[in-house]
Amino acid sequence: MMRFILPFVVFVVLAGFLFVGLNLNPREVPSPLVGKPAPIFSLPQLHEPSKQFSPQDMKGQVWLLNVWASWCVSCREEHPVLMELSRQKIVPIYGLDYKDKQADAELWLKKGGDPYTLSVADVEGRIGIDYGVYGVPETYVIDKQGIIQYKQIGPVTPDNLREKILPLVAELQAK
Amino acid sequence: MRNLLIVLFCLLPSLSFAGEAKDMAEDPVLEKRMIGLADKLRCLVCQNESLASSHAELAEDLRREVREQMQKGMSDQEIIDYLVSRYGDFVLYDPPVKKTTLLLWYGPFALLLIGSGVLVYQLRKRKDAVADEVAITDADSQRAAALLRETPEQTSQAKDSQA
């Protein structure tokens, strides 16, 4: 009897590991910045380059920082979700236009609509490095004290908005 | 004229590489140090390539960042700490030993230990089983000796035919 049970148990354990392993996303690198203050920057605004924006301006508010670009394909998928979210006026969305040309970015927002309270232009991608950006789009949930509470890697979907981001935002706003 | 043309054609390939020169630092020593460090770091976009060998745009930006921090006089360790604080241990090809990486570092040794344990157990078990089967009494061995004495030629013949 033992002869059959042992290989069977080994098989089940191995199958279990493989099943879990195949469902993990190896592209998703957990961010060490969650729970840390959002890195400080000051960048020109996309629509009014003479004005600067800094995360410190947002102290006392819960906000989303969405990293996007006009060349980014997944951003197209995400865009209607952000448009809907901005219509609901639950939480302000700020855009970090990552390694983009100003004309392209403005055209993109004109065509698809602009869900952002404002966007800043990170032309050289330096702020992106500070935030640990490695694939656009990425979205950070930042609390009233300026601490990053969550990082969404890849597009925001109605599912992860409903299940993760909005409940977290509500919880942080209540604090 | 013909020679001039040949020389011009020979120079053509060098033109196409002119664009890459921008990426190089002025200082070849610093560039070498940067490449040496980037070799130990992982590119986050194409995850099986090092930062030194990757052509991804992010890798280029990160190499620029590393180069600039070196120019500022930061040590290799300070630069590694900076990148780890942004991207996590994932950027290191040689991750540090800590709670979350214990399985990674010592898992193989644990498996080896378990494997050798099972092997030793199986070998012992088999040895006992074999010993039981072969156990012969004194009477058996006397009978065997007697048989051997009686027919020495026959046994040697049997041996030959077997061979």
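Helices here are DSSP runs of H or I with at least four residues, strands are runs of E with at least two, and both are numbered from the N terminus. With that in hand, hello everyone, and let's start with chain B, whose secondary structure comes to 7 helices and 0 strands. Along the sequence, chain B reads α-α-α-α-α-α-α.

A quick word on what we are looking at: this is a predicted model, in which local features need pLDDT of at least 70 and side-chain atom pairs count only at pLDDT 80 or more, while totals for chains, interfaces and linings use all residues. Residues are numbered from 1 along each chain as its sequence is written, and chains are lettered from A and ligands numbered from 1 in the order in which they are written.

Two more terms will come up a lot. A residue is buried if 20 or more other C-beta atoms lie within 10 Å of its own, exposed if 12 or fewer, and partly exposed in between, with C-beta atoms placed from the backbone. Two residues are in contact if those C-beta atoms lie within 7 Å.

So, back to chain B. It has 163 residues, of which 13% count as buried. Among its contacts between residues at least 6 apart in sequence, 41% join residues at least 24 apart.

Please find helix 2 of chain B, residues 28–38, and helix 3 of chain B, residues 57–71. They pack at an angle of about 125 degrees, with their axes 10 Å apart; the axes are lines fitted to C-alpha atoms over the stretch in contact, and angles run from 0 to 180 degrees between N-to-C directions. That makes helix 2 of chain B oblique to helix 3 of chain B, given that angles under 35 degrees count as roughly parallel, over 145 as roughly antiparallel, 65 to 115 as roughly perpendicular and the rest as oblique. Which residues of helix 2 of chain B meet helix 3 of chain B? On the helix 2 side they are Leu30(B), Arg33(B), Met34(B), Leu37(B) and Ala38(B), and their partners in helix 3 include Arg63(B), Val66(B) and Met70(B).

Now go to helix 6 of chain B, residues 138–150. At 1.5 Å a residue, its 13 residues should span 18 Å, and its end C-alpha atoms are 18 Å apart, which agrees; the expected span is 1.5 Å times one less than the number of residues. The number of buried residues in helix 6 of chain B is 0, so this helix lies largely in the open.

How do the chains meet? 12 residues of chain B are in contact with 11 residues of chain A. Helix 3 and helix 4 (76–87) of chain B each supply at least two residues of the side that touches chain A, and the largest share, 4 residues, comes from helix 3 of chain B.

Is Val29(A) buried or exposed? With 20 C-beta neighbours inside 10 Å, Val29(A) counts as buried. Leaving aside neighbours within four places in sequence, Val29(A) is in contact with Tyr134(A), and also with Leu44(B), Tyr87(B), Gly88(B) and Phe90(B). The C-alpha atoms of Val29(A) and Ile153(A) are 8.4 Å apart, although the two are 124 residues apart in sequence.

Next, helix 3 of chain A, residues 102–112, where Ala105(A), Trp108(A) and Leu109(A) are buried. They cover an arc of only 95 degrees around the axis, which puts them on the same side of the helix; the arc is that of the directions from the helix axis to the C-beta atoms. The buried residues of helix 3 of chain A pack against strand 4 (93–98) of chain A. The face turned away from that buried side carries the exposed residues Ala103(A), Leu107(A), Lys110(A) and Lys111(A). Just after helix 3 of chain A, Gly113(A) takes a positive phi of about 95 degrees.

Two lysines of chain A also have positive phi. Lys89(A), in the loop between helix 2 (74–88) and strand 4 of chain A, has a phi of about 55 degrees and counts as exposed, with 7 C-beta neighbours inside 10 Å. Lys99(A), in the loop between strand 4 and helix 3 of chain A, has a phi near 50 degrees and counts as buried, with 20 such neighbours.

Last stop: a cis peptide bond joins Val136(A) and Pro137(A), with omega about 0 degrees.
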